[in-house]
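This briefing is intended for a reader who has the sequence and the structure at hand. Please keep both in view while reading the points below.

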Amino acid sequence: MSPGMNLSDAASPNTDLLSAKSMQADVQIIDIRKTKFSNTEENLQSLIVHSLSTKNVAYEDPRFRNSEKSQTSLLRSIPTLVLYDDRGLEVFDQITYIPEYYLTNAEIDVFENHADQMVSQYVKDNSVLVELGVGSMRKTKYFLDAIVRQNKSVTYYALDLSEKTLKECLDSMAAAYPPSENSKISFVGLFGTYEDSLQYVRDNIDSKIPKMFMWLGSSIGNLNREDAASFLKAVGETALSIGDTFLCGIDKRNNSAEIAVAYNDPHGLTEEFILNGLDHVCRIFNTNEKVIDRANFEYISIYNEVEGRHEAYYKSKLDQTLQFPLTNDKTATINLLKDELINVEYSYKYSADEVDRLVQDSQLYAITKFTDTRELYDLHLFQKPPFFFKTSLNQDHSLVPDVAEFKELWKAWDTISISMISAEKSNEKIFLEQPITLRHPFLFYLGHLPSFMDIQLTRCIGETYTEPKYFTTIFERGIDPDFEDPDQCHPHSEVPNRWPSVEEVLAYRDRVRERALSIFEVYQKTKDKRLGRVIHMCFEHDVMHIETFLYMLVQWDAVKPPKGVSPPPTYANKKINQLLPAKLKTIASRIVTTGINDPESDDFTDKPPPAMFGWDNEKPVRKLPVDEFQIQSRPVTIGEYYMFLQSKNFEAELIPSSWGTMKPLVQAEVEKSFGVKTVFELFPIKHAWNWPVFVSNDQASAYAVIHGLRLPTEGELLALHDDWKQSGNTAVANYGFKSWLPQDVTEESFFSGGWEWTSTVMNEHEGFEKSELYPGYSSDFFDTKHNIVLGGSYATIPRIAERRSFRNWYQRKYPFVFATFRCVKA
């Protein structure tokens, strides 16, 4: 229940604000109505008659839900809009003051405790705020107060369909927040619909001006989940620029009893609010006689735990006939049976999984959420990201990535390889930095990705290399020397005495991309299997190097945050929930099947293409016998590893390279001398206590041994993965840039933000055949010094993370990767 369906968010402005005398001219109200809206009297009449004449709302009697008597019937409905006339808004405002209706007080609680931090971190000076639904200012005023306290200036746009409400509210706002020497809030009213406001912002506000949309009061709950995601996606596509934010109030799936009383309070206000909708129907038809008599109906309130929504119905107290006059002098007759239900409103609640799906479907980035002290309600802060990859362990990927996927991948690569290094591409020196001395400088990777693609496509279709051709000799293959003996290294491209300029390399990149797009068109016409395989290989090669480049950046003390991505809040006194020790899960013995059947030689036959392409070490299908074993239900955390280090007197070789040093705030607090390296800043260990720890295989093994445990084999970790996926608890999976950081582990988790180490050595297995296209991809690392890692990190693109057969590997002593671990009972 929330007046969020393109209606005002409250009945009247805050009385304190109304009492203030205006200190500036009347606020400008702009009529932005461009789309035809159905709130004319004639259209509402038609909508009401149509809804009552049609049974199309699915209903399941809660008394028989999940029983043999359960059955779904279809009900009539009345548009939710009828609830929000002037009288309805007045009653709803009264509802927001009663303790039973926890949503308003919870949202106020969030603002009281977090408004200053929201404004400090996420509202830029001279930016634009757009609130969907003008509100009573009881909540928004906390936000505006914080803006004034922090001496910021903003333009505040309030949207509503009631011009009268807009004027009253905004005039009082302008009076309460007069401009000062240090802060100015300019108020503008937008008279129109949600859709009108998106088009107005797109057409009239400079896209370079930072914007924050605000949708409060859990108004999102008035939309079903699909429509909610569609609306958020429309906001992102139409009105937001990269980096702009969206603050959205979302009610949780709380205790059913608490939700029930919130929507059917003992004071009778909710009942009056719902039944007044029938009085409004009579006023809409404006006849001498009542077209519908509220005395013949009662309010029915149901919380549907399965769907996670409150449902409001009218129940007919008797058999009755309703007659509605139509514009053509005809009458619509509707016969209602005694006890018949008529739906008038849904209010959806959200679990964490459902919020995750909402963000995925709307293609936004979830920065953080702010929660009230009772943990009933969240204000989620979303953002339009510079690129987006949909993550779903149940999605089927096409055999060959399409042009849209490549373009999104290139956006990701450009964000990471350019914006995180220097705002000035002409800064040559900075691109020659080597954060990891065992790797090439940044510049090499700018040339390596297009060079690899150009070489592979050229070999496949027989054309000439893109100019300058000599780039293929210096950028084809990078270095990955032996960690213990850097003089030992697999074959690689020659290292030039002088690298080309950044400008030359980026121009080369663009030419290769343009050429690649034309070749992709050829594939779409011919569906040539070998060309498809090469395109797939080029895509995944780039995917893997995104992660390589990113862990290099994390090791660099001059790294810049990714452009268009905001960091999570910095909590000076963040409360850390102490995790219980990881459970030991018993996994039954089994034969684990892994791998794919995808011979490269089939590319030149009439055989149908494979179900999926893969790399040589994924083939062929293999069976791995696994005895019953016990394994930790989650990865080892930073906090647990810190305690291990403490017991080892912080031996230097055991300290992760993913950590840096910070000056302790208090000398006695030793843990604050360590910080976790991220793309944003060093996060104090205390604030990352429950993140998965990123370590080398040797460091993971040392931890396991001292606890009488061991690392899992490849087969064991696959068995755990299969059981975890079957459980359905997969929404918390952190990969594909759903976050730019690891996240707190949950009691049972996979894909917690890092690859997972195994004890399995990277080596030739039965049936292995070296790739013809990329002969050294796997075989160059059959040196007994590399171990398999499975899963994926927060920076692993979905095509790889979601392919169960994919096998990654790193040197056991290599300390820089995004790899964590869990232990098996020895």
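The points that follow are grouped by topic.

The model is a predicted one.

**Strand pairing around β3**

- Strand β2 (residues 57–60) runs antiparallel to strand β3 (residues 72–77), and four bridges join the two.
- Within this pairing, alanine 58 has leucine 74 of β3 as its bridge partner.
- Strand β3 also pairs with strand β13 (residues 341–348), here in the parallel sense and over two bridges.
- Serine 77 stands opposite asparagine 343 of β13.
- As a general point, strands of a sheet pair through backbone hydrogen bonds, either parallel or antiparallel.

- Three strands form an open sheet in the order β20-β21-β22, with antiparallel pairing.
- Strands β20 (659–661) and β22 (683–684) stand at the edges with a single partner strand each, so one side of each has no neighbour in the sheet.
- Three bridges connect β20 with strand β21 (residues 674–676) in the antiparallel sense, and glycine 660 stands opposite glycine 675 in β21.
- Helix α17 (residues 638–647) packs on this sheet and touches β20 and β21. The direction of α17 makes about 60° with that of β20.

**Salt bridges between separate parts of the sequence**

- In general, side chains of opposite charge can pair when their charged atoms come close.
- Glutamate 107 and lysine 139 form a salt bridge in which the closest N and O atoms are 3.0 Å apart.
- Glutamate 107 belongs to helix α4 (residues 102–122), while lysine 139 lies in the loop between β4 (127–132) and α5 (140–149); the pair therefore ties together parts that are 32 residues apart in sequence.
- Glutamate 107 is buried, with a relative accessible area of 0%, and lysine 139 is likewise buried, with a value of 10%.
- A salt bridge also joins the side chains of aspartate 339 and lysine 315, at 3.7 Å from N to O.
- Aspartate 339 is located in the loop between β12 (331–336) and β13, and lysine 315 in strand β10 (residues 309–316), so this pair ties together parts that are 24 residues apart in sequence.
- Aspartate 339 is partly exposed, with a relative accessible area of 40%, and lysine 315 also counts as partly exposed, at 21% relative accessibility.

- Glutamate 408 forms a salt bridge with lysine 411, with 3.4 Å between the closest N and O atoms.
- Both residues, glutamate 408 and lysine 411, lie in helix α12 (residues 403–419), three residues apart, which is about one turn of the helix.
- Glutamate 408 counts as buried at 18% relative accessibility, whereas lysine 411 is partly exposed at 40% relative accessible area.

**Helix α13**

- Helix α13 (residues 442–461) has 20 residues and reaches 30 Å from its first C-alpha to its last, close to the 28 Å expected at 1.5 Å a residue.
- A kink of about 30° lies at histidine 448 in α13, shortly before proline 450.
- The helix is mostly covered, as 17 of the 20 residues of α13 are buried.
- Just after α13, glycine 462 takes a positive phi of about 80°.

**Buried residues of helix α7**

- In helix α7 (residues 194–204), the buried residues include Tyr194, Asp196, Ser197, Leu198, Tyr200 and Val201.
- The elements that cover the buried residues of α7 include the strands β1 (28–31), β4, β5 (154–160), β6 (185–191) and β7 (211–215), together with helix α8 (225–238).

**Threonine 245**

- Threonine 245 is found in strand β8 (residues 245–251).
- This threonine 245 is buried, with a relative accessible area of 3%.
- Leaving aside residues up to four places away in sequence, threonine 245 touches Tyr122, Lys211, Met212, Phe213, Leu240, Ile367, Leu381, Phe382 and Gln383.

Conventions
Residues numbered from 1 in each chain as written. Predicted model: local features only at pLDDT ≥ 70, side-chain atom pairs only at ≥ 80, totals over all residues. Heavy atoms only, no water. Pairing = 2+ DSSP bridges. Salt bridge = Lys/Arg side-chain N within 4 Å of Asp/Glu carboxyl O. Buried < 20%, exposed > 50% of the residue type's maximum accessible area, 1.4 Å probe, protein only. Contact = heavy atoms within 4.5 Å. Axes fitted to C-alpha atoms, helices over the stretch in contact; angles between N-to-C directions. Expected span 1.5 Å × (residues − 1). Bend = angle between axes of the 7 residues up to and from the residue.
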